[in-house]
Amino acid sequence: MGEYQVEEVVEFLAGAGRVAVLTGAGISAESGVPTFRGKDGLWKQHKAETLATPEAFERDPKLVWEWYDWRRGLIAPVEPNAGHRVIAGWERLFGEMAVITQNVDGLHAKAGSQNVVELHGNIWKLRCTREGTVEEVRDNPLPHIPPVCPNCGSFLRPHIVWFGESLDPVVLDRATDLSESCQVMFVIGTSAVVHPAASLPYAAARAGAKIIEVNLEPTSLTPHANFFFPGKAGEILPVLDRQLREWTKP
Ligand code: OAD
């Protein structure tokens, strides 16, 4: 991380009132949550279409639920890392600060972030396939698989956006508004290939925001970013945060 780059970013941030942070699986990797596309990524071990599609659920709801129950078990004991904590602390530093996340693990909220837009849903929430009602269920493991709606007896499904499904338009509108109104957008730990999430930094840039990317490796977004910090989010964000707090100290 070049010192010059840190200074430039910090100077810029210190003057920004509206900041948005777009995160992907990489922000949770240092907490021990597997990513999707890395060498040990979930999509390397499992075919997405056998598990994360409406067709898969129709074909074999038990198999799909076994996989989600396994992932819930992985995530349940996990704690947010330094990256999540820095982002949560920024809510007190900037006038307007929002997290737009593709993650379903709930770790931003666990770290204390209050303004979180969950683009792809949340693994702790279950939705009735008939009534559409959403409920948070923390039981781990789930006592019965597939779980059924206590009200109507239909299957409950994970409240997660599957391949082939659209994002909730209200959620997407909010994410788009935040992207188009921020002055700085951080893009952290996402391979930036899944749309519409991957389009948000471009919407932000078109509206005049500076784009700051943090990732282990360059992505297709990197040539379009104003700054790129290669490395671990849990190491880079605390450095930026320290410098920023030095800079803004009264
Ligand atoms: P990916 O697994 O595609 O990408 C994770 C990114 O994080 C990669 O670019 C890594 O280089 C980077 N990375 C890994 N560890 C990191 C670290 N410690 N610090 C910084 N960067 C790190 O995950 P997403 O981009 O989030 O959708 O994937 C997007 C969507 O695809 C997911 O939300 C999921 C998946 O299908 C749904 O489940 C709906």
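Across the domain boundary, 5 residues of domain 1 are in contact with 5 residues of domain 2, contact meaning heavy atoms within 4.5 Å. In this predicted model, local features need pLDDT of at least 70 and side-chain atom pairs count only at pLDDT 80 or more, whereas totals for chains, interfaces and linings use all residues. Residues are numbered from 1 along each chain as its sequence is written, and side-chain values use heavy atoms, with hydrogens and water left out.

Domain 1 comprises 3-33 + 79-120 + 166-244, and domain 2 comprises 38-76 + 141-160; the bounds come from an automatic or database domain assignment. Their C-alpha centres lie 27 Å apart.

The two domains bury about 380 Å² between them, with carbon and sulfur atoms giving 65%; buried area is the accessible area (1.4 Å probe) that two parts lose on being put together, summed over both. On the domain 1 side, V104, D105 and H120 supply 64% of the area buried against domain 2, more than any other three residues. The count of salt bridges between the domains is 0 (a side-chain nitrogen of Lys or Arg within 4 Å of a carboxyl oxygen of Asp or Glu).

Turning to the ligand, 23 residues surround it, the closest being F36, R37, T190, S191 and N215 (a residue is near if one of its heavy atoms lies within 4 Å). An N or O atom in the side chain of T190 is 2.7 Å from a ligand oxygen atom, and a backbone N or O atom of A25 lies 2.8 Å from an oxygen atom of the ligand. A ligand nitrogen atom is 3.5 Å from a polar backbone atom of L216. Taken alone, the ligand exposes 800 Å², of which the protein buries 92%, the areas coming from the Shrake-Rupley method with a 1.4 Å probe.

Definitions and conventions
Polar contact = N/O pair within 3.5 Å; in protein donor to acceptor, adjacent residues only side chain to side chain.
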